[in-house]
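Here is a friendly note to keep beside you while you look around. Please open the sequence and the structure together, and take the points in order.

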Amino acid sequence: MQFDFHSTQSIIVERGGSAHLAKRIIERGGKSVLIVTDPGVLSAGLLNKALSQFKELALSLKVFSDVQADPPVSVIDSAVKLAQECKADFIVGFGGGSSMDVAKLVALLAPGKEKLADVYGIGMAKGPRLPLILVPTTAGTGSEVTTISIVTVSESEKKGVVSPKLLPDVALLDAELTLGLPPHITAATGIDAMVHAIEAFTTKRLKNPVSDCLAKEALRLLAGNLHAAVNVGDDIVVRENMLLGACLAGMAFTNAPVAGVHALAYPIGARFHVSHGLSNALMLGPVMRFNIAQAHVMYAQLGQIIKPGLQGSTTEQASQLADYLGGLVGSLGLPKRLLEVGITSNDIDQLASDAMLQTRLLQNSPREIALTDANALYREAL
């Protein structure tokens, strides 16, 4: 047995901890800070407590709040330029996966040693990077503990920068930041986190005992709290369990990479601007059913965590699990079919062609996905 396992140096779980962000940065030697976030986080007031301490401690601060979902190269370039102009020596990513992904790349690129075009792919980013703290405001991507940043490079394609250099110095999990999250975002990001754990556990490449343990515990937390988080929303214990579950799933999949669900989800997000979590949720059932012949034993193991009491052979349990997870979108009030997000049968051939570009992800699928398979999977989800 041989494997490498990478994760964030320090993970802090603290309700209300984001209010002490400035103090933590000063303790780590920071003098000029750039916070990378999005307009929604800013308008929701999630940064207010943190900003008060920056002012109180007279810590130099700039806020870049122009992050958008599925961030394009132009957003990253603008954020890097601002970091350089204000001579930032510390970067904070504060928000969902997109804000954290942009912050990682700003920390990497602001020193001026590397260019974005040169670091796409696995292990191309060498550093050094600026000190970095990531503060998630959704329980979804797990970006605070992953070696990956995703960039939208064209209308139809996303590329990943994958390197341990992108891991932050600190991941700060403050469940209070997720209390106001709307039900539909809670649902989509929660399913996204579950997909991370499921694909990490069943990946063809780099599956290992540590990521397996993390994936299973992530699913216990996520499956056990998702409906309560969506339906109640203001239960801090439930929200904290979701946030930790998403974090553990992130730790799992950054070491045991995701596969077919993500490969087919990316073109949906890139072309139709459907959120990443919902794109994954819509493709989860079809891809799981496609994989059953090769992955039924693993799916059955996960089924006893997600839906305890499943009966029958491992193949039957896997099929029941795929049907249950495929139906989650509907039970949580999300769109159930691709048609409901504006995709028609006329779009399927293009989506399938786009998905074939995701070779970094497709190589991890327990069952090989060819162009005709991708086409059929999209049609099943239609």
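Is F3 buried, partly exposed or exposed? With a relative accessible area of 33%, F3 is partly exposed. Please keep in mind throughout that this is a predicted model.

1. **The start of the chain.** F3 sits in the segment before β1, the strand that covers 10-13. Together with M1 and V210, F3 makes a nonpolar surface patch of about 330 Å². To qualify for such a patch, a residue needs over 30% relative accessible area and no salt bridge, and the 33% of F3 is the value to set against that cut-off.

2. P209 belongs to helix α8, which spans residues 209-231. In sequence, 208 residues separate P209 from M1, yet their C-alpha atoms are 9.8 Å apart in space. Setting aside residues up to four places away in sequence, P209 touches M1 and F3. Its relative accessibility is 38%, so P209 counts as partly exposed.

3. R220 has 46% relative accessibility and so counts as partly exposed. E217, at 30%, is also placed in the partly exposed class.

4. **The salt bridges as a whole.**

5. **A link between helices α16 and α11.** The side chains of E380 and R289 come together in a salt bridge, 2.9 Å from N to O. E380 is in helix α16 (residues 371-381) and R289 in helix α11 (residues 276-306), so this pair ties together parts 91 residues apart in sequence. E380 is partly exposed, at a relative accessible area of 34%, and R289 counts as partly exposed at 32%. The two also take part in a network of salt bridges that links R289, D323 and E380.

6. **A link between helices α16 and α14.** R379 forms a salt bridge with D349, and their closest N and O atoms are 3.6 Å apart. Here R379 lies in helix α16 and D349 in helix α14 (residues 348-355), so the pair ties together parts that are 30 residues apart in sequence. R379 counts as partly exposed at 39% relative accessibility, and D349 does so at 48%.

7. Now turn to D192, which is placed in helix α7 (residues 183-202). Which side chain of opposite charge is nearest to D192, and how far away is it? That side chain is K158, at 9.6 Å. A salt bridge requires the nitrogen and the oxygen to be within 4 Å, so D192 is left without a salt bridge although it is buried.

8. **What surrounds D192.** Which residues are in contact with D192, leaving aside its neighbours within four places in sequence? They are G140, T141, H262, H276, G277 and N280.

Methods:
Residues numbered from 1 in each chain as written. Predicted model: local features only at pLDDT ≥ 70, side-chain atom pairs only at ≥ 80, totals over all residues. Heavy atoms only, no water. Helix = DSSP H or I, 4+ residues; strand = E, 2+ residues; numbered from the N terminus. Buried < 20%, exposed > 50% of the residue type's maximum accessible area, 1.4 Å probe, protein only. Lys, Arg positive; Asp, Glu negative; His and termini not counted. Contact = heavy atoms within 4.5 Å. Patch = residues over 30% accessible without salt bridge, like charges linked within 9 Å, V, L, I, M, F, W, Y side chains within 5 Å. Areas by Shrake-Rupley, 256 points an atom, 1.4 Å probe, with all protein chains shown as cover.
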